[in-house]
Amino acid sequence: MISSTLYAAKRRSSTALVRDKKLHNLFLLPASQTRDKDALTEEGVASVINELRMYFDWVICDSPAGIERGATLAMRHADEAIIVSNPEVSSVRDCDRIIGLLDAKTKVAEDGGRMPKHLMITRYDTDRAKTGDMLATDDVVDILSVPLIGVVPESKDVLKASNVGLPVTLSDENSPPAKAYMEATRRLLGENIPVTIPEEKKSLFGKLFKGRAA
Amino acid sequence: MNILSLFGKRGESASVAKNRLQILLAHERADDGSDAVLISSLREDILAVVAKRVDIDPDSVRLEMDRSGDVTTLGIDIELPAAKAS
């Protein structure tokens, strides 16, 4: 039933949806891969998103990093926003500007509403934050004033998954980053669960050392 | 990790990072406000000049300021009414 609706969506959509190989109810719509990044127009994006809205529970617009036209186009028709930041000065700074744009240049904002926002911190290293060598989650939340939806720990599993062309949530669902993404998803769906930072299982030796360092 | 660092002093780069961010963002957030004021006054001035000669809708003047890197550009977009046969 669901897939027939999706197929209908696929047939109707003026653009080519690609069905994911692993997840039957996930479709991908690649944006312009041409050299001309301005091939996307505001009207075009609006009509595609409004069409997809009719057929899917969730339409996730991945925004290009940085603050360019692509990012403003991706956020324009959003109902809510997930802001993804590394615990680094340049990344947090860009996020602050994006938050400003979310509150000014989106449909929701122009209609007098307030864009619901969530903050996701990636590549987080608990140990380095503890020793004061990395901005802690609280610092980033404090600076950006956006509630946390998840913290993804820095992990080798992410590159490993990317190397074999899989999302980390599928390549190793018990890995810390996979757990973090799954938890964040549940929060996005409205579950009220506390934000944790999943960690690698440490050997006894590692634990002893960690204990002494703390 | 160096074994000595286990007992050594705590790093302080994170608090430096937080400080830098707070200063930087305070500056940028203030900037955005003054840009908006500047744009709205420019818009009014341009509208007044054009309106002297052409009958235009006040909403048809759009200004956009774009800062990227070292360059700031000001885009002015004025929509004129369809030409009347004279």
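Helix H7 of chain A, residues 137–144, lies across S3, S4 and S5 of chain A and runs at about 145° to S4(A), where axes are lines fitted to C-alpha atoms, for helices over the stretch in contact, and angles run from 0 to 180 degrees between N-to-C directions. This is a predicted model, in which local features need pLDDT of at least 70 and side-chain atom pairs count only at pLDDT 80 or more, while totals for chains, interfaces and linings use all residues. Residues are numbered from 1 along each chain as its sequence is written, and chains are lettered from A and ligands numbered from 1 in the order in which they are written. Helices (H or I, at least four residues) and strands (E, at least two) are DSSP runs, numbered from the N terminus.

**The sheet of chain A**

- Three strands of chain A form an open sheet in the order S3-S4-S5, with parallel pairing; two strands pair if DSSP finds at least two bridges between them.
- The edge strands are S3 (81–85) and S5 (148–153) of chain A, each of which pairs on one side only, and neighbouring strands of this sheet are turned by 20° against each other on average, direction ignored.
- S3(A) and S4(A) pair in the parallel sense over 5 bridges, and Val84(A) has Met120(A) in S4(A) as its bridge partner.
- Strand S4 of chain A, residues 117–124, is joined to S5(A) by 4 bridges, again parallel; here Met120(A) stands opposite Gly150(A), and Tyr124(A) has Pro153(A) as its bridge partner.

**Packing in chain A**

- In helix H3 of chain A (residues 69–76), Gly70(A), Ala71(A), Leu73(A) and Met75(A) are buried; a residue is buried if 20 or more other C-beta atoms lie within 10 Å of its own, exposed if 12 or fewer, and partly exposed in between, with C-beta atoms placed from the backbone.
- These buried residues of H3(A) pack against helix H2 (42–55), S3 and H4 of chain A, and two residues are in contact if their C-beta atoms, placed from the backbone, lie within 7 Å.
- The largest nonpolar core has 33 residues, of which Ile83(A), Val92(A), Leu119(A), Val140(A), Leu144(A) and Tyr181(A) touch the most other members; such a core is a set of buried Ala, Val, Leu, Ile, Met, Phe, Trp, Tyr and Cys residues joined through C-beta atoms within 7 Å.

**Where the chains meet**

- 16 residues of chain A are in contact with 15 residues of chain B.
- Helix H4 (89–102), H7 and helix H11 (204–213) of chain A are the elements that give two or more residues to the side touching chain B, and H4(A) gives the most, with 5 residues.
- Not counting residues up to four places away in sequence, Val92(A) touches Ser85(A), Val140(A), Ile143(A), Leu144(A) and Leu21(B).

**The strand pair of chain B**

- S1(B) runs antiparallel to strand S2 of chain B (residues 71–78), to which 8 bridges join it, and Glu64(B) stands opposite Gly75(B) in S2(B).
- Ser68(B) is found in S1 of chain B and is exposed, with 10 other C-beta atoms within 10 Å.
- The C-alpha atoms of Ser68(B) and Val16(B) are separated by 26 Å, and these residues are 52 residues apart along the chain.
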